[in-house]
Amino acid sequence: MSLTSGIHCPRTPLRRFLDRELSAGAHPLRKSFRARDQSNQILLPGPGVGTEAGNVGTAIDYRLRLAFTAAEPVDHVARAGILLTGTSNSDAGQRMREVGEELAARLEETVLGLQLDNRELPMDRAHDEEEDLARMLIAAAWYQVNYRNSYGFAYTPLAITAREAPGAFTLERLLELPHRDMVADVVAQLYKAAYSPLDALRARTRPEDCTPAPTFPTDRISADADLAVDGLLLDFKSTRNTRTLRQAEAWQLTGYLLLDTADQYRIDTVGLYLSRSGTLASWPVEEYLKLLGACRRDLAVFRSAFTELLEGCTADAEPYEQEDEDRV
């Protein structure tokens, strides 16, 4: 089960729990967010991005994490997606795995060679280097789709091209597949970040204090935020709707906060970075819970109640029977 799927359906136990516990809803937090929004120009994707907007978002999230820490040069979800392609006995599946492993090796070499998390260097690199890196990150995003949604993966340019001609599918062919508008969109968002408050946050932190794609100690629900930075839990968003904050985003941040039951990341602040506007908004945990009208302000007590929910039911499953309704 996943945190996001549980949040998006209003009838799941997870969503009902958060709706009940966060009694003020998202409006006060949304008002606070708007007061922090100082953006005056929004980056919009080119026409060639189209339905690939989600994968472009995955790629820029990945690139921004690498600017803070290169501890995971190849995202663990991308590695898992690469391995899954090899479980098929087809020629296309085997070739996708071989090319994926080549991609991982080149990506790791590039990330470490460019020293992306070196604070003595700027966040951005030369334009041709950023374009090459963007192509690799988009390809890695397609492999991530295979781990998260194997059905959707079948419709990615990667899978379609490999099935059409497995013998001609090479790493070079893979890196030709991202549309130039996709590449330009990733690079533009990175350049935006290099002149945003996110760059100042990067400058005052150390790579060893940053955790990329933090995960949480439970097998009952899957969730991975974008970055934990010295007590700040940060999620990146590449949405075009940068002037507001949706309830789902507020609930998602709350879910991450509650899932850190062992206080592994010592979270004292939560925040969002919107890569199309360059807006960085963050709140101390106490203020964040107050704005949402949290019924349980003691974080340990709130986490305990959340853990009890996860242990008692499938948190993202929509109940169908009256018995399930009663249990919720």
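## Basis of the description

Helices (H or I, at least four residues) and strands (E, at least two) are taken here as DSSP runs, numbered from the N terminus. The model is a predicted one, in which local features need pLDDT of at least 70 and side-chain atom pairs count only at pLDDT 80 or more, while totals for chains, interfaces and linings use all residues. Residues are numbered from 1 along each chain as its sequence is written, and side-chain values use heavy atoms, with hydrogens and water left out.

## The chain as a whole

The chain contains 16 helices and five strands. Its radius of gyration, taken over C-alpha atoms, is 20 Å, close to the 20 Å given for 328 residues by the globule rule, so the chain is as compact as a globular protein of that length; the rule itself is 2.2 Å times the number of residues to the power 0.38. Along the principal axes, the C-alpha atoms fill a box of roughly 55 × 50 × 35 Å.

Of the 328 residues, 53% are buried, where buried means under 20% relative accessible area, exposed over 50%, and partly exposed in between (1.4 Å probe, protein chains only). Among contacts (heavy atoms within 4.5 Å) with a separation of 6 or more, 74% are between residues 24 or more positions apart.

## Helix α5 and its cover

Helix α5 spans residues 76–85, and its buried residues are V77, A78, A80, G81, I82 and T85. The cover over these buried residues includes α6 (91–114), α7 (127–148) and α8 (150–153). At the start of α5, the backbone nitrogen of V77 has a side-chain oxygen of D75 within 2.7 Å.

## Q38, an exposed loop residue

Q38 is found in the loop that runs between α3 (27–36) and α4 (53–68), and because its relative accessibility is 64%, Q38 counts as exposed. Although Q38 and S277 are 239 residues apart in sequence, their C-alpha atoms are 8.6 Å apart in space.

## T269, a buried strand residue

T269 belongs to strand β4, which covers residues 269–274, and with a relative accessible area of 17% T269 is buried. The side chains of T269 and D268 are joined by a polar contact of 2.9 Å, a term for a pair of N or O atoms within 3.5 Å in which, within protein, one must be able to donate a hydrogen and the other to accept it, and residues adjacent in sequence count only if both atoms are side-chain atoms. Leaving aside residues up to four places away in sequence, T269 touches G231, L232, L233, S282, W283, P284 and V285.
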